[in-house]
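Subject: Structure handover

Hello,

Here is the structure for your files. My notes on it follow below.

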Amino acid sequence: MAFRGLASWRVARRSSGLGARWMSTWWRSVEPAPKDPILGVTDAFLADPSPNKVNVGVGAYRDDNGKPVVLECVRKVERRIAGNLNMEYLPMGGSVKMVEETLKLAYGENAEFINDKRIAAVQSLSGTGACRLFADFQKRFRPDSQIYIPVPTWANHHNIWRDAEVPQRTFHYYHPESRGLDFAALMDDIKNAPNGSFFLLHACAHNPTGVDPSEEQWREISYQFKAKGHFAFFDMAYQGFASGDPERDAKSIRIFLDDGHLIGIAQSYAKNMGLYGQRVGCLSLLCEDEKQAVAVKSQLQQLARPMYSNPPVHGALIVSTILGDPELKKIWLKEVKVMADRIIGMRTALRENIEKLGSPLSWEHVTNQIGMFCYSGMTPEQVDRLRNEFHIYMTRNGRISMAGVTTGNVSYLANAIHEVTKSA
Ligand code: LMR
């Protein structure tokens, strides 16, 4: 009886079409989301059949043949762990060993804070995950706070704090005319922000501008933060990519630590270990004492648990193995330098190539800026022409991912840039 009842219900549903309609109605009004300004560029690049196409959009390192790179130190670890990897859950806070090694990179090999267990730290889903976890933590424990974000910044920073429902304010950073830092305006904004404000700072290799404060300027920023009681949250997605030396690239953080700040840091191994798709990073918050650190870590874990429960194991094992083995670490440091140096070489080549064509504009900033990106100063319309006429893909803010420039495409790129900018 029951079976016949079910069957006739199915027939009735099919003939009326009611069930199908009812099932799909609630999301019928959902509109397509706007394309991501960075990852959307990759989609467009992949869809372009042109043999001449060039992708200088997403910040992902390529070798001089334009190919993605798996670092030698990573390959060695992969061979070592092949077949020995157990697939158990990591704890909610991730790999303790990976986190410990990661903290040393940011806070210093022998940092007292690590020994004193004053840092609350968890493995995160790369830098994005670390920023998001922090934003959620900020919302939960300082619900009335805002975040000051530099202009410009990595587009996803806005999404992260928006989705965490933390109101955003901005502070001056880039000076379009000089294509450098607007230090005076930046300092004014720090001074004028209410005491105890939260600021998002890029620790090095600022994305998208490639413009970092000098050491002296970092000292002044740190001093002013102290005077105002501001909280600094550092996004350090490019440690090693500014100078080629991760230790040197941690200077901004070390200055803040020397001045006695309690800070937060988002770290990522996407770029400096080439572990883009492994999603391995770390969120840390320096606390006053161990007791506070234990409490903060437990809250970070509680935020992670309903979101993704615990982070993935594979990338964390790669990182902890490399950093825990002096030989492998040496290879890694060399490889970071090779990547940074190739980018620096491409900056010179791009600038020389554009200048050789007789460009009436100054291209000094191409070599003055550092890290993975060149903030070219090109307008969205010029960027559109590059895409439509030359099959060259970059973000519409004129950011060029120097990691996508090679000896094979630099003159094509320079020529196209000259064509769209020469009459500006
Ligand atoms: C970028 O800025 O291109 C990278 O950080 C990749 C990303 O996720 O946006």
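Val-30 counts as exposed because its relative accessibility is 59% (buried means under 20% relative accessible area, exposed over 50%, partly exposed in between, with a 1.4 Å probe and protein chains only). Val-30 lies in the loop between helix H2 (18-24) and helix H3 (39-47); helices here are DSSP runs of H or I with at least four residues, strands are runs of E with at least two, and both are numbered from the N terminus. Together with Trp-26 and Trp-27, Val-30 makes a nonpolar surface patch of about 420 Å². Patches are made of residues with over 30% relative accessible area and no salt bridge, with like charges joined within 9 Å and nonpolar side chains (Val, Leu, Ile, Met, Phe, Trp, Tyr) within 5 Å. Accessible areas come from the Shrake-Rupley method with a 1.4 Å probe, and for residues only the protein chains shown count as cover. A salt bridge is a side-chain nitrogen of Lys or Arg within 4 Å of a carboxyl oxygen of Asp or Glu.

The model is predicted: local features need pLDDT of at least 70, side-chain atom pairs count only at pLDDT 80 or more, and totals for chains, interfaces and linings use all residues. Residues are numbered from 1 along each chain as its sequence is written, and side-chain values use heavy atoms, with hydrogens and water left out.

There is also a negative surface patch, formed by Glu-112, Asp-116, Glu-288, Asp-289 and Glu-290. Asp and Glu count as negative, Lys and Arg as positive, and His and the chain ends are not counted. Glu-112 sits in helix H6 (residues 112-115) and is partly exposed, at 48% relative accessibility.

On cysteines: the search of the whole structure finds 0 disulfides, a disulfide being a pair of cysteine sulfur atoms within 2.5 Å. Cys-131 is in none, and the nearest cysteine sulfur, that of Cys-282, is 12 Å away. That distance is too far for a bond. Cys-131 is buried at 0% relative accessibility, and Cys-282 is buried with a relative accessible area of 0%.

Two further residues:

- Val-338 is in helix H15 (residues 326-356) and is exposed, with a relative accessible area of 54%. Its C-alpha is 7.5 Å from that of Gly-244, 94 residues apart in sequence.
- Tyr-269 is in the loop between strand E9 (264-268) and strand E10 (281-286) and is buried, at 1%.

Regards

Methods:
The place of a charge is taken as NZ of Lys, CZ of Arg, CG of Asp or CD of Glu.
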